[in-house]
Amino acid sequence: MSTDTGSDQVFQLQEQVRQLKEAVVSHAVVDQAIGMIVVLGRVAPDQGWIILREVSQHTNVKLRDVAETILVWGRTGVMPPRIRAALEDTLDRQSPARFPGAPPER
């Protein structure tokens with residue numbers, strides 16, 4: 001085995017480790033966001049996943065980024081209007097629950 005081949009293998013393994021670490025973090029963020037949707041919308045976890053996915057698709061924002069936005073909203077109360085609107089619309093279709101901070105229905 002030449003030094004270049006060994007260096008390439010080390011680099012590839014380091015890249016795989018980096019990707020796996022990122023995947024673990026992303027999975028945790030998505031799971032936590034689903035948990036918030038489950039509580040917020042009074043839906044089953046499977047529905048929470050569907051809602052998160054639909055919001056991602058309707059806003060053209062990566063699912064992990066939508067999940068992170070939901071977690072930030074849980075801590076700060078701040079959510080970009082486009083994502084908030086998509087989440088409200090999707091929850092309205094999937095669940096009878098009211099979105100916290102939404103104006104009262106008339």
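What follows is a short chat about the salt bridges in this predicted model.

Trainee: Before we start, what are the ground rules here?
Mentor: Residues are numbered from 1 along each chain as its sequence is written, and side-chain values use heavy atoms, with hydrogens and water left out. Because the model is predicted, local features need pLDDT of at least 70 and side-chain atom pairs count only at pLDDT 80 or more, while totals for chains, interfaces and linings use all residues.

Trainee: How many salt bridges does the structure hold?
Mentor: There are five, a salt bridge being a side-chain nitrogen of Lys or Arg within 4 Å of a carboxyl oxygen of Asp or Glu.

Trainee: Which residue does R93 pair with, and how far apart are the closest N and O atoms?
Mentor: R93 forms its salt bridge with E54, at 2.9 Å. This pair links distant parts of the chain, 39 residues apart, with R93 in helix α4 (residues 81-94) and E54 in helix α2 (residues 45-59); helices are DSSP runs of H or I, at least four residues, numbered from the N terminus.

Trainee: Is E54 buried or exposed?
Mentor: E54 is buried, with a relative accessible area of 17%, whereas R93 is exposed at 51%; buried means under 20% relative accessible area, exposed over 50%, and partly exposed in between, with a 1.4 Å probe and protein chains only.

Trainee: Switching to helix α1, where do E15 and R18 sit?
Mentor: Both lie in helix α1 (residues 3-41), three residues apart, about one turn of the helix, and their side chains meet in a salt bridge of 2.5 Å, N to O.

Trainee: And which residues form a network?
Mentor: R64, E68 and R75 are linked in a network of salt bridges.

Definitions and conventions: Helices (H or I, at least four residues) and strands (E, at least two) are DSSP runs, numbered from the N terminus.
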